[in-house]
Amino acid sequence: MRPHTDIGNKTHMTRLKYCRTCNIYRPPRTSHCKICDICVEKFDHHCPWLGCCVGKRNYTYFYIYVFILTIFVASVIGISIA
């Protein structure tokens, strides 16, 4: 059983946790998503509408999705009021 390991140099040490499901040492701020069954770096949340985890590599795409959705909702409200 490997709960964690320490890496780094003499001035800065980083503790890596071990993920028993993925069998890897996770970098800092990495969490395991129970829905996707993978470890996601800088894990924010699992988005049910996108069907994937929002993390380090797809924050930009998630913000674009939210922005386009906001414009769509505003246009639908604007058209229905007019």
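These legends accompany a few close-up views of a predicted model.

View 1. Let's start with two neighbouring stretches of chain: strand β2 covers residues 13–19, and strand β3 covers residues 24–26. The two strands run antiparallel and are joined by three bridges.

**View 2. Tyr18 and Tyr25, an edge-to-face pair.** The structure holds three aromatic pairs. One of them brings together Tyr18 and Tyr25, with 5.0 Å from centre to centre and 65° between the planes. Because its relative accessibility is 14%, Tyr18 counts as buried. Tyr25 has a relative accessibility of 31%, so this residue counts as partly exposed.

**View 3. Tyr59 and Tyr63, a stacked pair.** Here the ring centres of Tyr59 and Tyr63 are 6.1 Å apart. Their planes meet at 15°, and planes under 30 degrees apart count as stacked, so this pair is stacked. Both residues belong to helix α1 (residues 59–81), and because they are four residues apart there, about one helical turn separates them. How exposed is each residue of this pair? Tyr59 counts as partly exposed, at 22% relative accessibility, while Tyr63 is exposed, with a relative accessible area of 54%.

**View 4. A cluster of rings.** Now bring Phe62 into the picture: ring pairs link Tyr59, Phe62 and Tyr63 into a cluster.

Definitions and conventions:
Residues numbered from 1 in each chain as written. Predicted model: local features only at pLDDT ≥ 70, side-chain atom pairs only at ≥ 80, totals over all residues. Heavy atoms only, no water. Pairing = 2+ DSSP bridges. Phe/Tyr/Trp six-rings, centres within 6.5 Å; stacked < 30°, edge-to-face > 60°. Buried < 20%, exposed > 50% of the residue type's maximum accessible area, 1.4 Å probe, protein only.
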